[in-house]
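Please keep the sequence and the model in view while reading.

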Amino acid sequence: MAMVRQAGEKDLEGVFVLMNSNLDEFFPPSVIMFFQEQWPQGQFVATDVFGNILGAICGSRLEGGRVSISLFAVDESCRGQGIGQQLLDTFRRRCYMDGYSIIQLEVRTSNLLAKRFYEKRGFRVTERLYGFYNDGGDGYRMVMFVSGCRSG
């Protein structure tokens, strides 16, 4: 079982390596640093007992009571062990505690495993994003209500 904690500046290099070795786009350290500066409480890492980063989630604040999961990855060798679920649960609790009501994210239309992961956890597709990714790939915007239900 991984240990999830709030990420800090000392985690920047490890998160950079994780994201760029497990996602299909390149993210410079400045992007990860931007999220850390924009919403420090919305950044989490999952580590092993030795402190090695196994997964990370980078959130950002949006308008209208919404937040975005801007970057989210679990090392390929550690997938299927509940690390992504732990990170998402921790992130969702933080959103709830900070008064946010909606979490949104974008996922490639071709990434069926990730899309299923999110759907099983309460996310729903709200929009198709044509040419969203740098390589011209399409994406889906997915949304989850933090409380688990839509309130008036």
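Which residue forms a salt bridge with R141? The partner is E127, and the closest N and O atoms of the two are 3.0 Å apart; a salt bridge here is a side-chain nitrogen of Lys or Arg within 4 Å of a carboxyl oxygen of Asp or Glu. Because R141 lies in strand β7 and E127 in strand β6, the pair ties together parts that are 14 residues apart in sequence.

This is a predicted model, in which local features need pLDDT of at least 70 and side-chain atom pairs count only at pLDDT 80 or more, while totals for chains, interfaces and linings use all residues. Residues are numbered from 1 along each chain as its sequence is written, and side-chain values use heavy atoms, with hydrogens and water left out.

**Salt bridges**

- The structure holds nine salt bridges.
- Side chains of opposite charge can pair when their charged atoms come close.
- E127 is partly exposed, with a relative accessible area of 36%; buried means under 20% relative accessible area, exposed over 50%, and partly exposed in between (1.4 Å probe, protein chains only).
- D135 and R108 also meet through their side chains in a salt bridge, at 3.3 Å from N to O.
- This pair links distant parts of the chain, 27 residues apart: D135 is in the loop between β6 (124-129) and β7, and R108 is in strand β5.
- D135 counts as exposed at 57% relative accessibility, whereas R108 counts as buried at 10%.
- A network of salt bridges links D24, E25, R108 and D135.
- In another salt bridge, the closest N and O atoms of R5 and D11 are 2.8 Å apart.
- R5 is partly exposed, with a relative accessible area of 30%, and D11 is buried at 6%.

**Nonpolar cores**

- The largest nonpolar core has 27 residues, of which I69, F91, I103 and F123 touch the most other members; such a core is a set of buried Ala, Val, Leu, Ile, Met, Phe, Trp, Tyr and Cys residues joined through side-chain atoms within 4.5 Å.
- At least two residues of this core come from each of β2 (43-47), β3 (53-61), β4, α3, β5, α4 and β7 (139-145); helices (H or I, at least four residues) and strands (E, at least two) are DSSP runs, numbered from the N terminus.
- Helix α3 gives the largest share of this core, five residues.
- Beyond its neighbours within four places in sequence, F91 is in contact with residues including W39, F44, I57, V67, I69 and I103; contact means heavy atoms within 4.5 Å.
- A second, separate core of 13 residues includes V15, I32, L71 and A73.

**Surroundings of Q43**

- Q43 has its place in strand β2 and is buried, with a relative accessible area of 2%.
- Not counting residues up to four places away in sequence, Q43 touches R5, Q6, A7, F35, Q36, I57, C58 and G59.
- Q43 and G131 are 88 residues apart in sequence and 27 Å apart in space, C-alpha to C-alpha.
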